[in-house]
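Me: I would like to go through this structure with you. Could we take the charges, the overall fold and the aromatic rings in turn?

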Amino acid sequence: DPPVTSEQMNQYTFNIVPRRDIVPMLDDKADQFQYIRCESAMNDFVGCHFSKRSLCEVQYTCGTNGRPAICECVTEYGYPKPTPINGTDRTFEAACGLS
């Protein structure tokens, strides 16, 4: 396979860049990107580089549109428990195997 050019990167990619993620500060990112929040501890300099945390932030900010939330967003990263969908009697703890 031929190497990917800078022009192709800028044309075909979109980067999600957590604020305080040290890697994009040191590396090049494509022209198309969006910053998102990162709520890791201030002394955790690599905490913002985890893709699961970024996915949790996108889900929390944009919503899940009826899809299940990721359990680890609550249990590992401290995001609030999702609101149950009307007509659902299953708790977050039961859905995530915590009860």
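Me: How many Å apart are the mean positions of the positive and negative charges of the protein chain?

Reply: The mean positions lie 8 Å apart, for 9 positive and 13 negative charges. Lys and Arg count as positive and Asp and Glu as negative, while His and the chain ends are not counted. Each charge is placed at NZ of Lys, CZ of Arg, CG of Asp or CD of Glu.

Me: What kind of model is this?

Reply: This is a predicted model, in which local features need pLDDT of at least 70, side-chain atom pairs count only at pLDDT 80 or more, and totals for chains, interfaces and linings use all residues. Residues are numbered from 1 along each chain as its sequence is written, and side-chain values use heavy atoms, with hydrogens and water left out.

Me: Which pattern does the protein chain follow along the sequence?

Reply: The pattern is α-β-α-β-α-α-α, with five helices and two strands. These are DSSP runs numbered from the N terminus: helices are H or I with at least four residues, strands E with at least two.

Me: What is the radius of gyration of the protein chain?

Reply: The protein chain has 17 Å, whereas a compact globule of 99 residues would have a value near 13 Å. The radius is taken over C-alpha atoms, and the globule rule is 2.2 Å times the number of residues to the power 0.38. Along the principal axes, the C-alpha atoms fill a box of roughly 50 × 30 × 25 Å.

Me: What percentage of the residues is buried?

Reply: Buried residues make up 21% of the 99 residues. Buried means under 20% relative accessible area, exposed over 50% and partly exposed in between, with a 1.4 Å probe and protein chains only.

Me: Turning to the rings, how many aromatic pairs are there?

Reply: The count comes to two aromatic pairs. Rings of Phe, Tyr and Trp (its six-membered ring) pair if their centres lie within 6.5 Å; planes under 30 degrees apart count as stacked, over 60 as edge-to-face and the rest as tilted. The rings of phenylalanine 33 and tyrosine 35 have centres 5.2 Å apart and planes at 80 degrees, so this pair is edge-to-face.

Me: And why is the pair of tyrosine 60 and tyrosine 79 tilted?

Reply: Their planes are at 55 degrees, with the ring centres 5.3 Å apart, so the pair counts as tilted. The pair links distant parts of the chain, 19 residues apart: tyrosine 60 is in helix α3 (residues 51-62), and tyrosine 79 is in the loop between α4 (71-75) and α5 (92-95).

Me: Is tyrosine 79 buried or exposed?

Reply: Tyrosine 79 is buried, at 9% relative accessible area, whereas tyrosine 60 is partly exposed at 45%.
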